[in-house]
Amino acid sequence: MLNNSKNNKKLFYNLVKPYLYGLLFSILCTIVPFIILKNNFFSRKISILIIIFFLTIQIIIQFKYFLKVKNYLKDSWSNISLFFAVFLSAIILIGSFWIMIHLHHDNYLSN
(Lines give C-alpha, C1' and ligand atoms only; values in the text may rest on other atoms or scores of the structure.)
Protein backbone atom coordinates (compact mmCIF):
# COMPACT_ATOMS: atom_id res chain seq x y z
CA MET A 1 0.00 0.00 0.00
CA LEU A 2 2.76 2.41 0.90
CA ASN A 3 4.71 1.43 -2.20
CA ASN A 4 1.65 2.08 -4.41
CA SER A 5 1.24 5.56 -2.94
CA LYS A 6 4.90 6.29 -3.50
CA ASN A 7 4.63 5.18 -7.12
CA ASN A 8 1.55 7.37 -7.65
CA LYS A 9 3.39 10.40 -6.30
CA LYS A 10 6.37 9.67 -8.51
CA LEU A 11 4.12 9.20 -11.55
CA PHE A 12 2.26 12.42 -10.77
CA TYR A 13 5.53 14.29 -10.36
CA ASN A 14 6.84 12.96 -13.68
CA LEU A 15 3.62 13.99 -15.45
CA VAL A 16 3.40 17.47 -13.92
CA LYS A 17 7.10 18.32 -13.91
CA PRO A 18 7.37 19.42 -17.59
CA TYR A 19 4.30 21.64 -17.26
CA LEU A 20 5.69 23.28 -14.13
CA TYR A 21 9.03 23.90 -15.81
CA GLY A 22 7.25 25.32 -18.86
CA LEU A 23 5.12 27.57 -16.70
CA LEU A 24 8.10 28.86 -14.74
CA PHE A 25 10.17 29.49 -17.87
CA SER A 26 7.22 31.21 -19.54
CA ILE A 27 6.68 33.48 -16.55
CA LEU A 28 10.39 34.29 -16.52
CA CYS A 29 10.36 35.06 -20.26
CA THR A 30 7.44 37.42 -19.69
CA ILE A 31 8.68 39.20 -16.57
CA VAL A 32 12.23 39.94 -17.75
CA PRO A 33 11.23 41.92 -20.89
CA PHE A 34 8.49 43.67 -18.91
CA ILE A 35 10.99 44.86 -16.29
CA ILE A 36 13.45 45.94 -18.99
CA LEU A 37 10.78 47.98 -20.78
CA LYS A 38 9.24 49.44 -17.64
CA ASN A 39 12.54 50.69 -16.24
CA ASN A 40 14.12 51.73 -19.58
CA PHE A 41 17.38 49.93 -18.88
CA PHE A 42 18.49 49.97 -22.52
CA SER A 43 17.92 52.01 -25.67
CA ARG A 44 14.85 51.33 -27.80
CA LYS A 45 16.67 49.19 -30.38
CA ILE A 46 18.41 47.02 -27.80
CA SER A 47 15.14 46.60 -25.91
CA ILE A 48 13.42 45.43 -29.10
CA LEU A 49 16.21 42.92 -29.74
CA ILE A 50 15.90 41.62 -26.18
CA ILE A 51 12.14 41.27 -26.57
CA ILE A 52 12.57 39.36 -29.84
CA PHE A 53 15.11 37.08 -28.12
CA PHE A 54 12.74 36.31 -25.24
CA LEU A 55 9.89 35.87 -27.72
CA THR A 56 11.91 33.23 -29.54
CA ILE A 57 12.74 31.49 -26.28
CA GLN A 58 9.05 31.62 -25.34
CA ILE A 59 8.06 29.94 -28.62
CA ILE A 60 10.63 27.18 -28.08
CA ILE A 61 9.36 26.64 -24.53
CA GLN A 62 5.77 26.42 -25.77
CA PHE A 63 6.75 23.83 -28.38
CA LYS A 64 8.84 21.75 -26.00
CA TYR A 65 6.89 21.78 -22.74
CA PHE A 66 3.26 22.31 -23.76
CA LEU A 67 2.90 21.04 -27.34
CA LYS A 68 5.36 18.16 -26.78
CA VAL A 69 7.08 18.67 -30.12
CA LYS A 70 10.29 16.70 -29.71
CA ASN A 71 10.86 14.45 -32.70
CA TYR A 72 9.68 16.80 -35.40
CA LEU A 73 12.80 16.28 -37.47
CA LYS A 74 12.05 12.57 -37.85
CA ASP A 75 8.37 12.88 -38.76
CA SER A 76 7.99 14.66 -42.09
CA TRP A 77 4.23 15.34 -41.82
CA SER A 78 4.64 16.94 -38.43
CA ASN A 79 7.49 18.96 -39.86
CA ILE A 80 5.40 20.13 -42.81
CA SER A 81 2.43 21.03 -40.60
CA LEU A 82 4.72 22.92 -38.21
CA PHE A 83 6.24 25.00 -41.02
CA PHE A 84 2.79 25.62 -42.50
CA ALA A 85 1.53 26.87 -39.10
CA VAL A 86 4.58 29.12 -38.76
CA PHE A 87 4.05 30.42 -42.31
CA LEU A 88 0.38 31.23 -41.67
CA SER A 89 1.22 32.88 -38.35
CA ALA A 90 3.87 35.02 -40.04
CA ILE A 91 1.39 36.13 -42.72
CA ILE A 92 -1.17 37.08 -40.07
CA LEU A 93 1.40 38.90 -37.93
CA ILE A 94 3.05 40.79 -40.79
CA GLY A 95 -0.33 41.63 -42.35
CA SER A 96 -1.60 42.96 -39.03
CA PHE A 97 1.46 45.19 -38.63
CA TRP A 98 1.14 46.39 -42.22
CA ILE A 99 -2.53 47.27 -41.69
CA MET A 100 -1.84 49.09 -38.42
CA ILE A 101 1.02 51.11 -39.92
CA HIS A 102 -0.99 52.12 -42.98
CA LEU A 103 -4.10 52.83 -40.93
CA HIS A 104 -2.10 55.16 -38.72
CA HIS A 105 -0.48 56.77 -41.78
CA ASP A 106 -3.85 57.35 -43.47
CA ASN A 107 -5.37 58.82 -40.31
CA TYR A 108 -2.37 61.09 -39.88
CA LEU A 109 -2.73 62.48 -43.40
CA SER A 110 -6.47 63.10 -43.07
CA ASN A 111 -6.01 65.35 -40.00
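**Figure 1. Contacts across the whole chain.** Of the contacts (heavy atoms within 4.5 Å) in the chain with a separation of 6 or more, 58% join residues 24 or more positions apart. The model is predicted: local features need pLDDT of at least 70 and side-chain atom pairs count only at pLDDT 80 or more, while totals for chains, interfaces and linings use all residues. Residues are numbered from 1 along each chain as its sequence is written, and side-chain values use heavy atoms, with hydrogens and water left out. The chain contains three helices and zero strands; helices (H or I, at least four residues) and strands (E, at least two) are DSSP runs, numbered from the N terminus. Of the 111 residues, 12% count as buried.

Figure 2. Gln 58 counts as buried because its relative accessibility is 17%, where buried means under 20% relative accessible area, exposed over 50% and partly exposed in between (1.4 Å probe, protein chains only). Leaving aside residues up to four places away in sequence, Gln 58 touches Ser 26, Cys 29 and Thr 30. The side chains of Gln 58 and Thr 30 also make a polar contact at 3.4 Å; such a contact is a pair of N or O atoms within 3.5 Å, and within protein one must be able to donate a hydrogen and the other to accept it, while residues adjacent in sequence count only if both atoms are side-chain atoms.

Figure 3. Helix α1 covers residues 2-39. Phe 34 is exposed because its relative accessible area is 53%.
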